[in-house]
Amino acid sequence: MPTRTKPTSFLAMALMVPLVASLGIGAASPSSGAVTRTQHAHNGGFEAGRAGWVVNTPRTKLRVVQRGVGGSKALMLTNRRNGPASFRARQTLTDSTAAGQTYAVSAYVRTNQPGVVGRLVLRETASGQPALETSKGFHASRDWSKVSLTAVTRRSASQLEVRFRVYRLHKRRSILVDNVSVVQITPTDPGSATPPPPVGAPPVTTPPVVTPPVTSPGARTMSNGCAMSARGIPVASCGALLGSAYGSNTDPTPWEAEMGHALGVRRTYYGATQVDKGVSVAKTDLAKHRVPWISYKLPYSWADMVAGKGDAWTLDLATKLSKLNGPVWLAFHHEPEGDGDITLWTAMQARLAPIVRAAAPNVSYSIVVTGWNQLYGPAQYSLDAIWPKNTKIDLLGVDVYNKLGAVKNGVEYTKATDMEGDYFKPFSAWAKKNGVAWGVAETGFTDKAAEVDPQWVSRSYTQLRALGGVAFTYFNTNLNSIANWALTTETKKRVYKDALSTTPVL
């Protein structure tokens, strides 16, 4: 939200078709560590050709090529037309071991369609009924990358299947798979313990030990069929959400009824004492098919938060959010520029992000900044300078506006903001380089800009989506604003409604 006059800041399920690996009992091979490993993958390196493998749909072609890891053989999957891609083993074998056994599953993938999305899955069935499914998502690139997961069996004498779900493979593109491995791990030192991971920022006090919930929300599908991670991040360039802030956290349901379409994402803002209020509103948003993107002010100063004084508050909020039936995007102290020592703000983010992500597997931890400062302001505010090091952040949010017609300090802006060139392209490139999703957390255009360029909302949303942005969030309010961003004119109402009408929801 522009709190100061700074620079401007349900339907279709995705078709996820499995790629299934045949499992066979192999020879035991003790490791040099504290575990004994038993190899289970059958022809996972495809040196025996396609033996044991078959395509699962007429759309898909399958062949073995001499382009695997280290020059070995690999399985190449191609499509006759755009769509999901799949292949499977001809049969699965019964694992006669007991429940509670640990399996490590891995494979190597690469593609000539960078960004292709899929999931590695270990599925357990017993007597033909599903018992457990553990999965790990991946984004394949032109280089070989390893995807892996660990799962614990729930039943004895159950069947295990390794599956790859490839969501959309373009015609004349391919994905290579090699070295599929399923390894049973038997601990020989059950008393050994693993120390907890570091928090991120150097703490003055020890942060709380966070135990993830036994169950957590799984990956989701949006109304357009695009996949969304368990933390609510849509597949890049496929499912960008269009949404809004509205009034002073005002219920947007009547507004949505006028437009005939739900908001894809909804921005709301809270003080430190409003934890329960924010959680309650997020619950309602999820029920209305909106992804909540919420910002909180902090209960203590940045320095005190870094020292651990706010750990309990943070953990309480994250724990409550973890119980919601869907994903939430969370930010702490958005638009920090000019509010204090920015290095303390960065250290605060590094302190809180691991607490939130460990306690709430359905929450994307986001950092929201003005955008202008990061590209055109003082060097201390550049993304490379303020981004927490060695800390997993899920989402970068930027608050950028079309200022044509806005007046600041008695001077009117006479040039429209080039959203694509000035902001979307550099933020997209930075996000891709640093492995983080990105989106617009706040935006708007003036009444004058709407009359001059009524297609601005639709065009900007399309540009953002093409560059991999995951959200375009309008600021439909005039709280703390230098211009009328609110959708109050008939032109602005119409163009926003038209843009929203074809966008996905949760």
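Trainee: Is the crossing of H8 and H10 left-handed or right-handed?
Mentor: This is a predicted model, in which local features need pLDDT of at least 70, side-chain atom pairs count only at pLDDT 80 or more, and totals for chains, interfaces and linings use all residues. Residues are numbered from 1 along each chain as its sequence is written, and side-chain values use heavy atoms, with hydrogens and water left out. A crossing is left-handed if the near helix is turned anticlockwise from the far one by less than a right angle, and right-handed if clockwise. The crossing of H8 and H10 is right-handed.

Trainee: How are H8 and H10 oriented to each other, roughly parallel or roughly antiparallel?
Mentor: The axes of H8 (residues 419–434) and H10 (residues 456–466) cross at roughly 30 degrees and come within 10 Å. Axes are lines fitted to C-alpha atoms, for helices over the stretch in contact, with angles from 0 to 180 degrees between N-to-C directions. Angles under 35 degrees count as roughly parallel, over 145 as roughly antiparallel, 65 to 115 as roughly perpendicular and the rest as oblique. H8 and H10 are therefore roughly parallel.

Trainee: Which residues in H10 meet H8?
Mentor: Contact means heavy atoms within 4.5 Å. From H8, Met 419, Glu 420 and Phe 424 take part. Their partners in H10 are Trp 456, Ser 460, Gln 463 and Leu 464.

Trainee: What is the separation of the axes of H4 and H5?
Mentor: H4 (residues 311–322) packs against H5 (residues 342–359) at about 30 degrees, which makes H4 roughly parallel to H5. Their crossing is right-handed. The axes lie apart by 8 Å.

Trainee: What is the angle between the planes of Tyr 401 and Phe 475?
Mentor: The structure holds 17 aromatic pairs (ring centres of Phe, Tyr and Trp, its six-membered ring, within 6.5 Å; planes under 30 degrees apart stacked, over 60 edge-to-face, the rest tilted). Tyr 401 and Phe 475 form an edge-to-face pair, 6.3 Å centre to centre. The pair links distant parts of the chain, 74 residues apart, with Phe 475 in strand E27. The angle between the planes is 85 degrees.

Trainee: The charged end of Arg 267 sits over the ring of which residue?
Mentor: A charge sits over a ring if NZ of Lys or CZ of Arg is within 6 Å of the ring centre and within 35 degrees of the ring normal. The charged end of Arg 267 is 5.3 Å from the centre of the ring of Trp 293.

Definitions and conventions. Helices (H or I, at least four residues) and strands (E, at least two) are DSSP runs, numbered from the N terminus.
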